[in-house]
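Hi,

Here is the structure I said I'd pass on to you. Have a look at it first, and then read my notes below.

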Amino acid sequence: MKKKPFVLGLVAVAIAYLAGAYYLYRKLLFPILSSREVLTYIWVVASGFLLFITFSLYYILAFQRQLKEQKVRQRKSSSKLQKANEGALKALIHALNYRDHDTWDHSTRVAAYATALAEHMGLPQSELEKIALAGYLHDIGKIGVPDRILLKKSNLLPEEWETIKRHPELGYEIIHELEFLNSAADIILLHHERYDGSGYPLGLRGEKIPLLARIFSVADALDAMTSERPYRAARSMAEAFGEVRSLAGVQFCPKCVKALEELGVENLSQIQQRAKDHKIKEFQPEDLIPCSDII
Ligand SMILES: [Fe+2]
Ligand SMILES: [Fe+2]
């Protein structure tokens, strides 16, 4: 900000005050002043204030212009940052998709189930965005699981299970490094916790598990149950509902199971069908990274 006009304005006011002091001094010593002296005084005071107003206006206008330029610069840099964030998110998603396409299909369905469930439970938009992001990325840690284990068609050995069980922590390590994805990192870390405390990696129990992670675990399991596995056929949505219901208070949060039942088999079957028809696979990162979060 240029200070010169403001300083000049102050100088003008100082001159006006000096003229006032001189006038007072003359008036006290010589009560009768010539009309020329009175006119000169008025002229000096008026021009001092006029100069002050002119310089102040100039100063205010320059300040406003600078604010406007700063806002434009800020908008440009936040839109650049948003593009960079979208790029990073797309890169992560492509990496997961190319590494293990089944995991990617599973992620899109889980994102859809979890968002529908959270919406039904009345969670705000910001939480829905968080849970959708977590849906797409929750198994990103599987990138760190060797192919011989990740793609194994037969039953896993106990030590192979232990390797698989590291994926929530690996996912958390990858995601929490990116500030704009931080909000999803906790769900990623806790998506295999169980309501009775027998889950992993932290073994949290009951409502100590954040609500979004509890909702998420229902959606994740629902998709696992309704998907085909090398060792068993896919169950129907109604069968999966029955199994989830039987595990309320054991593996799943009873409130989330109740919400799932209210949402109903039909609604969730429709979401599943839309995913199969590739109608919910058009991923739009910009929908999940609102500008307001970045500015
Ligand atoms: Fe997982
Ligand atoms: Fe999963």
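First, a definition: helices here are DSSP runs of H or I with at least four residues, strands are runs of E with at least two, and both are numbered from the N terminus. This is a predicted model, so local features need pLDDT of at least 70 and side-chain atom pairs count only at pLDDT 80 or more, while totals for chains, interfaces and linings use all residues. Residues are numbered from 1 along each chain as its sequence is written, and chains are lettered from A and ligands numbered from 1 in the order in which they are written.

On to the overall picture. The protein chain has 13 helices and zero strands. Its radius of gyration (over C-alpha atoms) is 34 Å, whereas a compact globule of 295 residues would be near 19 Å, going by the rule of 2.2 Å times the number of residues to the power 0.38. Along the principal axes, the C-alpha atoms fill a box of roughly 115 × 35 × 35 Å. An automatic or database assignment divides the chain into domain 1 (4-75) and domain 2 (100-294), and 69 Å separate their centres, taken over C-alpha atoms.

Now zoom in on helix α3 (residues 101-120). Its 20 residues should span 28 Å and its end C-alpha atoms are 29 Å apart, so the two agree; the expected span is 1.5 Å times one less than the number of residues. Just after α3, Gly122 takes a positive phi of about 80 degrees.

A residue is buried if 20 or more other C-beta atoms lie within 10 Å of its own, exposed if 12 or fewer, and partly exposed in between, with C-beta atoms placed from the backbone. Of the 295 residues, 27% count as buried. Helix α9 (211-225) is mostly covered, with 12 of its 15 residues buried. Those buried residues pack against α3, α4, α8, α10 and α11.

Which residues touch the most other members of the largest nonpolar core? They are Ala114, Leu117, Ile215 and Val218, in a core of 45 residues. Such a core is a set of buried Ala, Val, Leu, Ile, Met, Phe, Trp, Tyr and Cys residues joined through C-beta atoms within 7 Å. Leaving out residues up to four places away in sequence, Ala114 touches Ile131, Gly135, Ile215, Phe216 and Ala219; a contact means C-beta atoms, placed from the backbone, within 7 Å.

Cheers

Terms used. Two residues are in contact if their C-beta atoms, placed from the backbone, lie within 7 Å.
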